[in-house]
Each structure stands twice: as structure tokens, then as C-alpha cells.
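Morning, everyone. Please bring up the model on your screens, and we will walk through it.

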Amino acid sequence: MRSVKFPPSIKPGIWGVVIGAAAISVLGFTIFGWTLGGTAERMAKEQAVTAVVEVLAPICVERFQQQADAPAKLTEFNKASSWDRRLIIEKGGWATVPGTDTPNSAVATACAERLGRRL
């Protein structure tokens, strides 16, 4: 069996390719914003949830304010703790998206925060 002999000038070239590939990988993932498929999918889901909450929270606030005794309910709401505020929103049904049976807790939290700021 014969072994293949490479000229001595190829060895530095091979090391240059290896080091260059490692360097571009590090730069790509840290500076250029490359991501793996799973990371990109997770980020897309988080952005979708955030977008849905941003759209539905103002609707929740408006539904809360349109109830018959809104000023009294708002006073009661403002006296409650932050955890209870979210539960008040969920029990009132203002954070329940049409077509679903359960309230969206992220929408309820955002709605409670917005209502709490309206003092």
C-alpha cells in the first residue's frame, strides 16, 4: 500500500482553511446574527405571541371600559393586588378571545397593566 505524500506547502493552506472556517463561524453567530433553525423558530413564535398580545390588549381594555358600571369596577380593580387584577380580567371574560373557552393569560396580564396605568 502506498501512502500519499503532499508537498510541504499544502500543510499551511489546510490549517488556514480550518482556522478560517472556525473564525467565520464564530463571527457569523456572534456578530452577523446567524441562528440555528430551532432558535429562529423559537424567536418567531415569541414575536407572534407578542404581536397578538399587542393587538388584543387594547381591545380587552376597551371591553372592560364599556361595561355598565365601569367606573366602580375600575375603582375595585385598582384596589386589588397585581395578581388579583389579572384574575379579575380573566374572570370578567375580557381576555377571552372569541372562539375560545379560556382566557389568554398574556392578554390578561397586558390588559391589567394598561388598566393599572390609567389612574
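Is W34 buried, partly exposed or exposed? W34 is partly exposed, at a relative accessible area of 40%. Buried means under 20%, exposed over 50%, and partly exposed in between, with a 1.4 Å probe and protein chains only.

Some ground rules. This is a predicted model, where local features need pLDDT of at least 70, side-chain atom pairs count only at pLDDT 80 or more, and totals for chains, interfaces and linings use all residues. Residues are numbered from 1 along each chain as its sequence is written, and side-chain values use heavy atoms, without hydrogens and water.

Now the overall picture. The protein chain has 5 helices and 0 strands. Those are DSSP runs, H or I of at least four residues for helices and E of at least two for strands, numbered from the N terminus. The C-alpha atoms fill a box of roughly 90 × 30 × 20 Å along the principal axes. Buried residues make up 21% of the 119 residues.

Next, the rings. The whole structure holds 3 aromatic pairs. Rings of Phe, Tyr and Trp (its six-membered ring) pair if their centres lie within 6.5 Å; planes under 30 degrees apart are stacked, over 60 edge-to-face, the rest tilted. F29 and W34 sit 5.7 Å apart between ring centres, with planes at 85°, so they are edge-to-face. F29 is partly exposed too, at 44%.

F64 and W94 have centres 4.9 Å apart and planes at 70°, so this pair is edge-to-face. F64 lies in helix 2, and W94 in the loop between helix 4 and helix 5, so the pair ties together parts 30 residues apart in sequence. F64 is buried at 2%, and W94 is buried at 13%. Ring pairs link F64, F77 and W94 into a cluster.
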